[in-house]
Amino acid sequence: MADENNREDHGGCYCGGVRFSISAGTEVAWSGYCHCEDCRRAHAAPLYHAVYVEESRFQVTAGEDLLKWYTRAEAVSDRYKRYFCGRCGSKVFSTMTEETGELRGTFPSLFDDQTIATSSTWSPREHISCAESFMDLSLIHDHLPRIQHQ
């Protein structure tokens, strides 16, 4: 397997209409599991794994015309948007504007090479919003830090 830090990683939505790439050598700004109610509802899952990188490192390579976005709270729509494929409904990425710049968050489960989802580059580093979780977190034995609030 090639050095994971020196390759471009590719992925896409369920139907393949929206495709993306992440530049080789990308530094991960944040990677972890979120348990907050908004994320649970948006993903119809008890938690989800997201990875955030600098905007310039994430590129939509196909299907930009298929992308739709939504945010539940109008008050944050200028800072946070969830993008999904308008054809198959897959969540593809999120945008987040921070004081330090624009970030893109995507999901390692969308990578073409599923073996990299658990690589040292993309693996989760913490659980956040644990106070909102409805799971029994004592059953998860991953030894990652658990942040009660986001």
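Colleague: By about how many helical turns are Arg-41 and Glu-37 separated in helix α1?
Modeller: The model is predicted. Both residues lie in helix α1, which spans residues 37–43. Because Arg-41 and Glu-37 are four residues apart in that helix, their separation is about one helical turn.

Colleague: How far apart are the closest N and O atoms of Arg-41 and Glu-37?
Modeller: Arg-41 is exposed, at 57% relative accessible area, whereas Glu-37 is partly exposed, at 30%. Side chains of opposite charge can pair when their charged atoms come close. Here Arg-41 and Glu-37 form a salt bridge, with a closest N and O distance of 2.8 Å.

Colleague: How many residues apart in sequence are the parts tied together by Glu-55 and Arg-104?
Modeller: The side chains of Glu-55 and Arg-104 form a salt bridge, at 2.8 Å from N to O. Glu-55 lies in the loop between β4 and β5, and Arg-104 in strand β9, so the pair ties together parts whose separation in sequence is 49 residues.

Colleague: Is Arg-104 buried or exposed?
Modeller: The cut-off for a buried residue is under 20% relative accessible area. Arg-104 has a relative accessibility of 13%, and therefore counts as buried.

Colleague: Which residues are linked with Glu-102 in a network of salt bridges?
Modeller: The structure holds five salt bridges, including one between Glu-55 and Arg-104. The network that contains Glu-102 also links Glu-55 and Arg-104.

Technical notes. Residues numbered from 1 in each chain as written. Predicted model: local features only at pLDDT ≥ 70, side-chain atom pairs only at ≥ 80, totals over all residues. Heavy atoms only, no water. Salt bridge = Lys/Arg side-chain N within 4 Å of Asp/Glu carboxyl O. Helix = DSSP H or I, 4+ residues; strand = E, 2+ residues; numbered from the N terminus. Buried < 20%, exposed > 50% of the residue type's maximum accessible area, 1.4 Å probe, protein only.
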